[in-house]
Amino acid sequence: MAQQWTAALISVLLVSLVSLIGVVLLPLSKARVQGLLSFLISLAVGALFGDAFIHLLPTAYADGRGPMRASIYVFTGIYVFFVLEKLISWKQGQDESAIKPVGYINLTADTLHNFVDGLLIGASYLVNPHIGIATTIAVFLHEVPKELGGVGVLIYSGFSKNQAIFLNFLSGLAAVLGTLISLIIGGRHGAFVSAMLPLTAGGFIYIAGSDLLPELRKETGMAKSLQQLVAVLLGIGLMFAIRD
């Protein structure tokens, strides 16, 4: 148990540090950042789908609690993320004049997302270290473009670069709290972990399919499209390589 806690906390701390990525990328030119984002988003798509279908779902369906139960949790994960995104979009649509509220809404949503990521990392490590590592890598890869976008929104909303990076880092620390709660609750209740795995899979499928894939479809150039296809396969291959 101590090794699980240590590994999970180290993993979530590394993921939280991704929120500081703006320090490295903000000085880059717009063209360089856009080129890098295309590759990172493609890699994240492969990693999220790979983690869901290669690690999380097989484990969820094999835990003996029934395939129908697991399927309902997968759907619930997809639906919950859909509802959250709708609520955030609705709130942003109501704000037509001020800029700063949009930044705060984005920061709130990002904090909630990071907290959920922490829950997922903790629950995954309680099941198996391999699943914990795979989930951490998938979260890490999709956090990079997300955190880049988060810093951009904060700066656009009126925060200085230093303020945006600092607030984004505080938001990233919510993942640590999520992991601690997941380890405490999951260590006592096996049903918690059993539910979190298919919920995680549903969330990852939604993020990859609804949020990230549409971004990739905007690119129609041959060279960029080929780079995206290779990066998606690389993400899937990475998940396959670290399977249990």
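The legends below describe several views of one predicted protein model.

Residues are numbered from 1 along each chain as its sequence is written, and side-chain values use heavy atoms, with hydrogens and water left out. Because the model is predicted, local features need pLDDT of at least 70 and side-chain atom pairs count only at pLDDT 80 or more, while totals for chains, interfaces and linings use all residues.

Figure 1. Helices (H or I, at least four residues) and strands (E, at least two) are DSSP runs, numbered from the N terminus. Along the sequence the pattern reads α-α-α-α-α-α-α-α-α-α. The protein chain has 244 residues, and 45% of them count as buried. Buried means under 20% relative accessible area, exposed means over 50%, and partly exposed lies in between (1.4 Å probe, protein chains only). The accessible surface comes to about 12,200 Å², and 70% of it belongs to carbon and sulfur atoms; such areas come from the Shrake-Rupley method with a 1.4 Å probe, and for residues only the protein chains shown count as cover. Of the contacts with a separation of 6 or more, 85% are between residues 24 or more positions apart. Contact means heavy atoms within 4.5 Å.

**Figure 2. The largest nonpolar core, with 43 residues.** A nonpolar core is a set of buried Ala, Val, Leu, Ile, Met, Phe, Trp, Tyr and Cys residues joined through side-chain atoms within 4.5 Å. Leu 48, Leu 56, Ile 121, Met 196, Phe 204 and Leu 212 have the most contacts inside this core. Helices that each supply at least two of its residues include α1 (2–16), α3 (30–61) and α9 (190–217). The most comes from α9, with 11 residues. Leaving aside neighbours within four places in sequence, Phe 204 is in contact with residues including Leu 48, Leu 56, Leu 120 and His 142. Another core, of eight residues, lies apart from the largest one; Val 18, Ile 21, Leu 37 and Val 144 are among its residues.

**Figure 3. Helix α8 and Thr 179.** The 13 residues of α8 should span 18 Å at 1.5 Å a residue, and the end C-alpha atoms are 18 Å apart, which agrees. The expected span is 1.5 Å times one less than the number of residues. The buried residues of α8 include Ala 174, Val 176, Ser 182 and Leu 183. Thr 179 has 0% relative accessibility and so counts as buried. Not counting residues up to four places away in sequence, Thr 179 touches Ala 8, Leu 9, Val 12, Gly 118, Leu 119, Ile 121 and Gly 122.

**Figure 4. His 55 in helix α3.** His 55 counts as buried because its relative accessibility is 4%. A polar atom of the His 55 side chain lies 3.0 Å from the backbone oxygen of Met 239. Beyond residues up to four places away in sequence, His 55 touches Gly 50, Ile 131, Ala 134, Met 239, Ile 242 and Arg 243.

**Figure 5. The salt bridge between Lys 218 and Glu 215.** A salt bridge is a side-chain nitrogen of Lys or Arg within 4 Å of a carboxyl oxygen of Asp or Glu. By this rule the count comes to one. The closest N and O atoms of Lys 218 and Glu 215 are 3.1 Å apart. Side chains of opposite charge can pair when their charged atoms come close. Lys 218 is exposed, at 60% relative accessibility, whereas Glu 215 is partly exposed, at 38%.

Conventions:
Polar contact = N/O pair within 3.5 Å; in protein donor to acceptor, adjacent residues only side chain to side chain.
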